[in-house]
Amino acid sequence: MRSFPPYRIQVVREIPITTRPERERALELAAYNMFDVPANMVTIDLLTDSGTGAVSAAQEAAATAADRSYAGSDSYHRFRAAVDGLTGYPHTLPAHQGRAAERILFSTLLKPGQISLSNTHFDTTRANVEIIGCEARDLPCPEAADLDSLKPFKGNIDLDALEKTLSGPDGDRVGMVLMTITNNGGGGQPVSMANLTAVRDTCRRHGVPFFLDAARFAENAWLVVQREPGYQHHSPAEVARRAFALADGCVASLKKDAISPMGAFIGLRDQELARRCEVNLIATEGFRTYGGLAGHDLERVAQGLDEVLNPHYLRAREAEAADFARMVGEAGVDIVQPPGIHALYLNAGRLLPHIPPHRFPGHALACELYLAGGIRCVELGSLYLGEFDAAHNLVTPAPFELVRVALPRRGYTKAHLEYVADVLASIAKNPEQVPGYRVVDAPPVLRHFNLRLAKI
Ligand code: F0G
């Protein structure tokens, strides 16, 4: 029997339908930077799954009734009940979004010169480690390097490399191990409970704090239920609780798996660390019972955390991604295998072999998807991850030339995704017609948000 989402659509928002000449003009005006294309010129927006999910009637009802008291509001207590029931951490601090939670935790926990080890740091996570003078070092498992491998947990950390680093000459400098679930920077692949358990054991042995970046904790839990032996009879909520229980704490953006437009939290076991984070939070985000969030955000999160763990919802969401992956494959485009849940990662390097890395095949495919179909997504290749010299020439390419096509939660129907697959198929029929790009201007920090490019 096919799965279907456990909701019906009651409120909709019209999307812009544009012509190709209009899109050509919009993209040229944006200097071929997707972040500068106005949303009212985008038909299907697959730039991110963050803050873009459709909220439920129950979330909006709770939001309407929210309590905006500065201290100790009813909405804060509902938020705490929802988060505490999930994580079991004694200390929870709300923050306005994931990167604020990262900044507060890392700047409190880490000292300059220390190292953060991860399966893969997400980009803001890396930035928040580096900004305080620390090193963010990724240790993805070896299977992650084979994009076609169907191994079920390619988001895992390399346990041998973790052990070697902790017992090697850099071991004393490691300030934390951070596991990103699911591994967004690593193809949206899940992390197994076996891997998380081994990381916990290794960290304990070496006396290093172990944290989760739990932005997609529910989708990771669902993939554990589906793929990891011994978990098929567990509910996703049970698996998520077990994952949180393994760690010393977490940072979590709530814009993904709380299906909320805004929100995040820091969860901690250590009282002293929590006290120091709280000081930082109050000085920079807001009082400990709202942390930069309005009452309505706290309410949407509390309700969203319940909805996201509904197995019918997760089954339908996984099926949607799997179905989309099948359509993309039929369109003649390879993806990072196996498909995860929150996004597909298109293998642009393979589709556009005539475009060398320094002409950015991933970006070229993203631009073509926009020009041909008004579809917005983002490159994850040499443009974003490569190293450049001062004249904006690519010096070191990224290992892969990918495009991330993210799936907003509850937002688009199968027909929208069929349309995306049709547009991809039309591009894949004549891939040699897709032009490359060159960088015209790039700022030294947060380069990819502010790039200016030109068509070759
Ligand atoms: N950690 C992960 C794994 C993320 O994917 C993100 C955001 C963050 C932290 C930061 O959270 O946006 O609430 O500040 N990811 C978005 C994305 C932006 O498109 O993947 P935030």
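What volume does the largest cavity have? About 100 Å³. That is today's topic.

Some ground rules. This is a predicted model, where local features need pLDDT of at least 70, side-chain atom pairs count only at pLDDT 80 or more, and totals for chains, interfaces and linings use all residues. Residues are numbered from 1 along each chain as its sequence is written, and side-chain values use heavy atoms, with hydrogens and water left out.

Next, the terms. A cavity is a set of points, on a 1 Å grid over the protein atoms alone, where a 1.4 Å probe fits but cannot get out. Lining residues have an atom within 4 Å of a point. Points are joined across faces, edges and corners, and a volume is the space filled by probe spheres set on them.

The whole structure holds 2 cavities of 30 Å³ or more.

Take the largest cavity. It has 13 lining residues, and F35, H363, V378, L383 and H448 are the closest to its centre. Helices (H or I, at least four residues) and strands (E, at least two) are DSSP runs, numbered from the N terminus. By class, the lining has 9 nonpolar, 3 polar and 1 charged. Asp, Glu, Lys and Arg count as charged; Ala, Val, Leu, Ile, Met, Phe, Trp, Tyr, Cys and Pro as nonpolar; the others, Gly among them, as polar.

Now the second largest cavity. Helix α9 (236–246) gives the most, with 4 residues. Here the count is 9 nonpolar, 1 polar and no charged residues.

Conventions
On a 1 Å grid over the protein atoms alone, a cavity is a set of points where a 1.4 Å probe fits but cannot get out, and a pocket is an open set with protein on both sides within 12 Å along at least five of seven lines; lining residues have an atom within 4 Å of a point.
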